[in-house]
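Take a look at the structure below. Keep it in view as you read the briefing.

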Amino acid sequence: GSFFFFFLIGSRSDRRAVVIGVEQFGVDPGDDEEPDLTAHPELRYVPKLASQLDDILAKFGYDSELVLDKSKTIAKKLGRRIRGQGRKHRLDPAAVRLVCVLSHGERPIGGTDGLVIIGSDGQSCQDTDVAAWLTERS
């Protein structure tokens, strides 16, 4: 099902946030191709809801980044952005951070516990493991 995830990290008064919204999942079929019936369903409400959330965070003094572009929300890029591995979009781990991801989530492959976020490519990976995000920053 669809998934909303928020968490705060840090302690300084520098209020940074990232809002990531994933609306479509998997590769778009070509004109002569059949759609992937195993793909996660679209979350058509995500762009509007993510934009509204970004606006609200700005009103509360957050320097918020809104990420909706399908090319920036594939599993690997989405996970690296949250984990702070992207040089360009690195969030200061010492600052107060609010992270919001609007996407699908599921249990890790072979696991009974935990949650991984699904990227716009319809995939999850080690970098989208929510437990890893929390333990790395705590």
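What follows is a short tour of helices, strands, contacts and charged pairs.

This is a predicted model. It holds five salt bridges. One of its helices, α1, has a buried side. Lys76, Arg80 and Asp127 are joined into one network of salt bridges.

**Helix α1**

- Helix α1 covers residues 46-59, which makes 14 residues.
- At 1.5 Å a residue, α1 should span 20 Å. Its end C-alpha atoms are 20 Å apart, so the two values agree.
- Which residues of α1 are buried? They are Val46, Ala50, Leu53, Asp54 and Leu57.
- These five cover an arc of only 100 degrees around the axis, so they sit on the same side of α1.
- An α-helix has 3.6 residues a turn, so residues three or four places apart point the same way.
- Lys48 and Lys59 are exposed on the other side of α1.

**Strands β2 and β3**

- Strand β2 runs over residues 15-21. Five of its seven residues are buried, so the strand is mostly covered.
- Strand β3 takes in residues 63-67. β2 and β3 run parallel, and five bridges join them.
- Which residue of β3 is the bridge partner of Val18? The partner is Glu65.

- Gly84 is in the loop between α2 (75-83) and β4 (96-106).
- Is Gly84 buried or exposed? Its relative accessible area is 1%, so Gly84 is buried.
- Gly84 and Trp133 are 49 residues apart in sequence. Their C-alpha atoms are 9.6 Å apart in space.
- Ala131 belongs to helix α3, residues 130-137. Its relative accessibility is 42%, so Ala131 counts as partly exposed.
- Ala131 and Leu115 are 16 residues apart in sequence. From C-alpha to C-alpha, the pair is 7.2 Å apart.

**Salt bridge between Arg44 and Glu42**

- Side chains of opposite charge can pair when their charged atoms come close.
- Arg44 and Glu42 meet in a salt bridge through their side chains, at 3.6 Å from N to O.
- Arg44 has a relative accessible area of 64%, so Arg44 is exposed.
- Glu42 has a relative accessible area of 35%, which makes Glu42 partly exposed.

- The side chains of Asp127 and Lys76 form a salt bridge, with 3.2 Å from N to O.
- Why does this pair tie together separate parts of the sequence? Asp127 lies in the loop between β5 (116-117) and α3, while Lys76 lies in helix α2, so the pair links parts that are 51 residues apart in sequence.
- Asp127 also forms a salt bridge with Arg80. The closest N and O atoms of that pair are 3.4 Å apart.
- Arg80 lies in helix α2 and Asp127 in the loop between β5 and α3, so this pair ties together parts that are 47 residues apart in sequence.
- These salt bridges share partners, and they join Lys76, Arg80 and Asp127 into one network.
- How covered are the three residues? Asp127 has 4% relative accessibility, so Asp127 counts as buried. Lys76 is at 40% and counts as partly exposed. Arg80 is at 39% and also counts as partly exposed.

Technical notes
Residues are numbered from 1 along each chain as its sequence is written. This is a predicted model: local features need pLDDT of at least 70, side-chain atom pairs count only at pLDDT 80 or more; totals for chains, interfaces and linings use all residues. Side-chain values use heavy atoms; hydrogens and water are left out. Helices (H or I, at least four residues) and strands (E, at least two) are DSSP runs, numbered from the N terminus. Buried means under 20% relative accessible area, exposed over 50%, partly exposed in between (1.4 Å probe, protein chains only). The expected span of a helix is 1.5 Å times one less than its number of residues. The arc is that of the directions from the helix axis to the C-beta atoms. Two strands pair if DSSP finds at least two bridges between them. A salt bridge is a side-chain nitrogen of Lys or Arg within 4 Å of a carboxyl oxygen of Asp or Glu.
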